[in-house]
Amino acid sequence: MTDRTLAPSAAHKALILLSVCLAAIAMPLTFTGPAVALTAIAETLGGSPVALNWVTNAFMLTFGSTLMAAGALSDSFGRKRVFLTGVAGFALASLALVGAHSILVFDLLRALQGLAAAAAFAGGMAALAQEFSGSARMRAFSVVGASFGAGLSFGPISSGLMSETFGWPSIFLAVVALTSASFVIGVVVLRESRDPQARGLDWPGATSFTLALTLFTYGVLQAPESGWSDPLVVALLVGALALMVLFVRIELNSPRPMLDLSLFRYGRFVGVQLLAAAPAYAFVVLLILLPIRFVGIEGVGGVAAGLMMMALSAPLLVLPLLAGWLSRWIAPAVISSLGLLVCASGLAWLSFMPVGGDVNAMLAPMAVIGIGISLPWGLMDGLAVSVVPSERAGMATGIFSTVRVAGEGVALAVVSALLSALISGHLAGEHVREGAQKLVTGDVAGAAGALPQLARPALIQAYGDAFATLLLLLAAITVVTAIVVFVFLGRRETPRDDVTTETTCVSANG
């Protein structure tokens, strides 16, 4: 419920949107920036390959696993309050990262940063859902999506430039500036709103879900170093499965669950969730793996690597808006599936680009990947919020965003472990696992130290062959996802409550 006795003017709503967008730009900068600067961070703080993997995974884990809880909190305690709390915490954690003196402290602060980002994102998106309605809501969400695209597009190049010029801590100072501006504007222009029927946070559900993802991520990251049969790894993965089963049981028996599992009876809702997960392994993992390859393996400078990454992410600046426009005439299922197929073709093409060759030859397939993923990117948010009443906006954005971001964190952990296993298959020696892990993080010198019997060209070749196989696997998964998404999103059915199929299509089409 929002106090609507005085309807805000167009200028006032524009400032509300600006506040959320500034926070939205900061989030992908926080995600992509450390990937470009990972080599510099490792040189300053040290750390094992597992600890360096947590630089990204700690943020993604807490961000994804607490989004649903943050959505429920925003419905209960107020969207403005949760948004501003998250933005302030985001700024403070970013500032603390500047002074981190060890990789352990750095990883813990990254986890806190993810918690704050979840509150800011869930609160901000739920606030927009209350302030905007109909086609205006779809346009507002599209602008937020474009803001994420801007952060993804300019994050690598700006991070590389700041890291090489002022040092890697400057990346987080830029985040402080963006989130501080977002906070100040939000304090002034945002109005408080909440769900009058909300019953607070589902603590058992939130705890079991977060712990399940934590144990799973920890187990997958530890497996390449210790082996999949290691007792600790097995215990972590079994524990994660048990906690996920417990989470489902808790949600099924809750009178007002954090995750409304009954929604999965609708094919279109399932299709939206599959669509939300698709960019994780078709696109997002490359935002981390490619900078590491460029800087650590290919020997490209940070600024040059950032410029190259724009070929992958720049299409997100324009094409999501074009996809929304095209959806007036073409079904979202067709646009989304076609985009995923284009993305898969780019992944397959990129697999033929050898390590040590002309890195500029990689730009064309990277652009194809970016173009393909941009088409569903512009439709996902609008499709997600159209399946529930606006009063449950926090829950709706929480479910969709959790699948999206948690999927990204899980995909990154799984793909990193898979790349390490593929590299190990091309190596021989006593410390193969250690050498493979170091290659995954771009540390060729460390890999050479672990495997002194292998020359540098052999290590590079092993990495290149493994990377090519990984890309082909990702392409195959993306093709299958495109087919499934087309089938599920193309269904005609009556959504829940007061939302009709016709309303869903209108909202999705903007």
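The model is predicted, so local features need pLDDT of at least 70 and side-chain atom pairs count only at pLDDT 80 or more, while totals for chains, interfaces and linings use all residues. Residues are numbered from 1 along each chain as its sequence is written, and side-chain values use heavy atoms, with hydrogens and water left out.

**Helix α3 against helix α6**

- Helix α3 (residues 49–65) packs on helix α6 (residues 103–131) at an angle of about 20°, with the axes 6 Å apart. Helices here are DSSP runs (H or I, at least four residues), numbered from the N terminus. Axes are lines fitted to C-alpha atoms over the stretch in contact, and angles run from 0 to 180 degrees between N-to-C directions.
- That angle makes α3 and α6 roughly parallel to each other (angles under 35 degrees count as roughly parallel, over 145 as roughly antiparallel, 65 to 115 as roughly perpendicular and the rest as oblique).
- The α3 and α6 crossing is right-handed, that is, the near helix is turned clockwise from the far one by less than a right angle.
- On the α3 side the contact (heavy atoms within 4.5 Å) includes A51, L52, V55, F59 and F63, and on the α6 side it includes I103, F106, L115 and F121.
- Sorted by type, the residues of this α3 and α6 contact come out as 14 nonpolar, four polar and two charged. For that sorting, Ala, Val, Leu, Ile, Met, Phe, Trp, Tyr, Cys and Pro count as nonpolar, Asp, Glu, Lys and Arg as charged, and the others, Gly among them, as polar.

**Helix α3 against helix α9**

- The axes of α3 and helix α9 (residues 203–226) come within 10 Å and cross at roughly 160°, and the two helices are therefore roughly antiparallel.
- Here too, for α3 and α9, the crossing is right-handed.
- Among the contact residues are V50, W54 and L61 of α3, plus F209, L213, Y218 and L221 of α9.
- The α3 and α9 contact splits into seven nonpolar, eight polar and one charged.

**Aromatic pairs**

- The count comes to ten aromatic pairs, where rings of Phe, Tyr and Trp (its six-membered ring) pair if their centres lie within 6.5 Å; planes under 30 degrees apart count as stacked, over 60 as edge-to-face and the rest as tilted.
- F63 and F121 have ring centres 6.3 Å apart and planes at 80°, so they go down as edge-to-face.
- F63 sits in α3 and F121 in α6, so this pair ties together parts 58 residues apart in sequence.
- Both F63 and F121 are buried (under 20% relative accessible area, with exposed over 50% and partly exposed in between, using a 1.4 Å probe and protein chains only).
- F283 and W377 are edge-to-face as well, because their ring centres are 5.9 Å apart and their planes at 75°.
- F283 belongs to helix α11 and W377 to helix α15 (residues 363–385), so the pair links parts 94 residues apart in sequence.
- F283 counts as buried at 0% relative accessibility, and W377 does at 6%.
- Ring pairs also join F59, F63 and F121 into a cluster.

- Q273 is in helix α11 (residues 267–297) and is buried, with a relative accessible area of 7%.
- Leaving aside residues up to four places away in sequence, Q273 touches F264, I399, F400 and V403.
- A129, in α6, is buried at 4% relative accessible area.
- A129 and A140 are eleven residues apart in sequence and 8.8 Å apart in space, C-alpha to C-alpha.
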